[in-house]
Amino acid sequence: MHRILNPKTGATVLLLGNEAIARGALEAGVSFATCYPGTPSSEIPLVFFQIKREIDDFYFEYSTNEKVALETAAGAAAAGVRTMCTLKHVGLNVAADPLMTLAYVGVKAGLVIVNADDPSLFSSQNEQDNRFYARLSGLPMLEPTSPADAKELVKDAYLISEQTELPVLFRTTTRINHAREGVKLGRLGKRSLKGKFTKNPMYWVQVPAVARERHKDLLRRGEMARKLSNESPHNQISGRGRLGIITSGVSVNYVRDAVNDLGLKNKVKILKLGFTWPLPDQKIVRFLKGVDKVLVVEELEPVLETDVRALAQAKGLMVPIDGKSVKPFSRLYEYDPGMVREAIARYFQIDYQPPKKLNLTKVPPLPARPPNLCPGCGHRSTYYAVKKVLGEGAVYPTDIGCYTLGLLPPFKIADYLICMGSSVSSSGGFSRALPDTPVVAFIGDSTFFHSGITGLVNAVHNNHNFTLIILDNGTTAMTGHQPHPGVNPEHFGDTTTHVDIEKLVRGLGIEQVYTVNPRNVNKVTQLVEQTTKEPGVSVIIAREMCALLAARLAPPKKKLVFEIDQSKCKQHRDCLRLFACPAFYLDGERVKINPNLCIGCTVCSQVCPERAIKPKAAA
Amino acid sequence: MSATRVVFVGVGGQGNLLASNLLGQAALAAGQNAVVSEIHGMAQRGGVVESAVLIGDVTSPIVSPAEADVLVGFEPAETLRTAIKANRNTTIITSTSPLPPFTVAIGAGVYPEVDEALVSLGKQVRKLIAFDGQALAEEAGNPQSLNMVMLGALAATNTVPVPVKHIKKVIKEGTKAKLLESNLKAFDLGYKAAAAAM
């Protein structure tokens with residue numbers, strides 16, 4: 001049995017925040033879940049994927065992208081099935097179109113949209129603050145403070161969703177998703193996949209005449225949610241004193257610890273917000289009336305700060321309110337306990353000396369340790385071949401996945417990236433604006449399905465001119481090897497249906513479509529030369545399974561590894577300088593291959609001009 | 001402040017996250033409050049991996065600069081890089097076997113002489129314990145058991161309020177049968193190495 005299905009009610013187990021959210025969903029009786037994986041949210045659906053065959057009355061899917069995931073979830077929730085949809089913050093941008101009108105439409109059974117923000121951009125392209133989405137859409141938002149709190153809050157999210165008939169946004173940040181703590185298990189809820197849908201086009205079909213009325217419903221439900229927020233135990237005033245702090249999310253912990261550390265327990269009153277939209281206006285006003293000065297502690301944008309100031313103004317309250325202007329608070333990056341302690345001490349004029357730092361001037365400069373494409377990674381072979389043909393003479397729009405690491409030396413084969421799918425669409429712009437420069441775009445297989453296809457249709461229709469290389473490694477590798485429509489479902493023990501990338505691309509009417517094994521350097525080289533000379537859109541599918549996944553699916557019994565014949569090596573070091581597999585290392589002046597890292601992909605032997613790299617004779 | 005803040009740092013593949021997770025479980029089993037945090041994402045691809053375990057009267061999941069009570073480094077250059085988390089009262093435990101990043105092999109960086117820097121660092125903190133943890137992992141019969149060596153060393157320093165028996169118990173519960181013997185041996189070797197240096 002999967003450990004998340006642990007039936008020991010009342011037991012306390014160490015759970016990752018994402019596992020706690022999944023457990024909370026199961027305790028709430030969630031029977032339907034969708035997602036597109038994205039760090040830091042990915043372990044929630046991973047749990048669902050792992051348990052879906054272990055339990056009855058439970059459906060889970062990895063959807064093609066977040067818009068599809070939310071629309072699929074919306075259908076299930078409209079038909080009366082308790083549903084969860086998980087995504088990362090930028091994923092909600094993809095799903096923003098359905099979100100805004102789903103707010104009018106509402107749900108019949110609870111729908112919770114788990115949205116994971118990523119302050120400090122640990123694994124994201126921006127650090128947007130998705131609390132604005134609650135304000136934009138008018139949907140309720142809940143924000144947990146820790147894994148244990150998250151599990152309980154998820155359960156209440158379903159009650160709120162069903163009371164208001166609105167989807168609920170459940171916003172986390174990385175430090176909630178990827179923290180672990182003791183979580184007390186509750187009883188698993190009763191699941192049901194037997195929905196019921198009552199037809200009513202004047203309610204469900206959002207044409208202008210209907211939507212005008214349904215907007216009124218949204219406002220009415222928003223007022224209902226405001227009442228619930230004012231009454232919610234998740235919006236809690238604690239402590240005594242005339243100094244006030246308003247906070248939410250992970251910052252609640254930093255505030256709690258700082259107040260203890262600074263000995264302010266009887267001087268500070270804290271308003272912790274867990275039900276953060278609609279704001280509990282009455283509770284906030286009551287809080288403001290009981291303090292002399294207020295500090296708002298929140299990461300990223302001054303969202304609460306601005307709202308609390310507006311509320312004070314509306315009520316004619318003169319209490320000073322501050323947040324982002326108190327050093328070292330910032331709109332950039334995540335907070336930490338020391339920062340919060342320092343800001344609280346400064347704002348309330350408490351004597352405080354931060355811990356003294358060590359003198360680290362004698363630490364020598366340290367070499368950077370960026371993440372790297374793995375030994376045997378097909379992306380490296382593709383990049384090597386493309387760079388060999390075109391060098392710096394082409395523009396390389398890239399996309400989101402492991403292969404974004406092509407940005408780093410020695411390849412430096414990433415020139416432009418904004419979001420999922422932008423490689424394909426931006427190539428249309430580059431190729432029109434730079435008619436004399438070849439444009440070669442890279443996109444992964446999962447990202448291609450996510451949002452590359454529409455861009456490619458556009459490129460065909462509008463006669464753009466570029467080569468698209470689809471790096472097909474048979475999985476969504478970056479986020480932990482999830483399946484997607486193009487994979488072999490058997491590799492994932494799944495019964496979904498395979499969608500063939502080559503047939504799909506040919507179906508768009510593209511004639512120059514080539515599927516190639518990227519380990520065949522000559523073939524890739526020749527195809528890149530050919531396709532960049534021909535006008536129009538061409539597609540190369542570089543297909544080689546992710547080396548990590550391949551090793552996991554079928555661990556080789558007898559591993560072929562390569563070695564360098566030192567008598568033939570003339571120290572060109574092309575292997576290091578141009579190919580840069582992590583299995584190479586320098587032993588004094590000689591390049592060697594670490595047999596523990598080499599997976600025998602053969603590509604380096606094609607790179608060496610002296611043909612000095614050969615399979616190691618069996619021991 | 002009755003809280004203990006432990007920072008683990010290493011390189012993807014060294015098992016740092018498992019070590020922090022086990023320590024968190026052991027603390028919980030010992031009746032302590034524990035919060036663990038980690039940064040995922042690129043761990044499998046050779047980058048730096050840092051995690052933290054906070055035990056006691058504390059709910060914040062991360063450790064600010066100069067606020068670690070214990071710093072456990074699986075690789076000497078990464079220990080030096082993470083020394084910003086240490087202060088005068090910190091105990092630092094580090095393995096000395098280097099794992100040069102790929103930037104060194106391609107000439108984009110130089111792997112430094114770490115011994116001298118570690119000695120200088122050791123003079124500024126409560127205690128610095130340095131030994132070749134990788135050699136001990138290999139002696140234990142499993143090169144992948146460096147994380148157990150470092151957990152054993154941490155246990156020997158008496159810096160965390162978690163009894164050895166609880167750590168060993170979670171190791172036993174969380175390890176596959178064929179690796180159990182080598183993992184426990186690695187733990188004991190790490191324990192002895194650090195105890196000898198105390």
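How many salt bridges are there between chain B and chain A? The count is 5, a salt bridge being a side-chain nitrogen of Lys or Arg within 4 Å of a carboxyl oxygen of Asp or Glu. One of these links the side chains of A:Arg369 and B:Glu75, at 3.3 Å from N to O.

This is a predicted model, where local features need pLDDT of at least 70, side-chain atom pairs count only at pLDDT 80 or more, and totals for chains, interfaces and linings use all residues. Residues are numbered from 1 along each chain as its sequence is written, chains are lettered from A in the order in which they are written, and side-chain values use heavy atoms, with hydrogens and water left out.

Now for the interface as a whole. Chain B puts 59 residues in contact with 59 residues of chain A (heavy atoms within 4.5 Å). Together the two chains bury about 4,800 Å², with 61% of it on carbon and sulfur atoms; buried area here is the accessible area (1.4 Å probe) that two parts lose on being put together, summed over both.

On to the strands, which are DSSP runs (E, at least two residues) numbered from the N terminus. Strand β8 of chain A, residues 179–184, runs antiparallel to β2(B), and 3 bridges join them; strands pair if DSSP finds at least two bridges between them. Within this pairing, A:Glu181 has B:Val35 of β2(B) as its bridge partner.

How values were computed: Helices (H or I, at least four residues) and strands (E, at least two) are DSSP runs, numbered from the N terminus.
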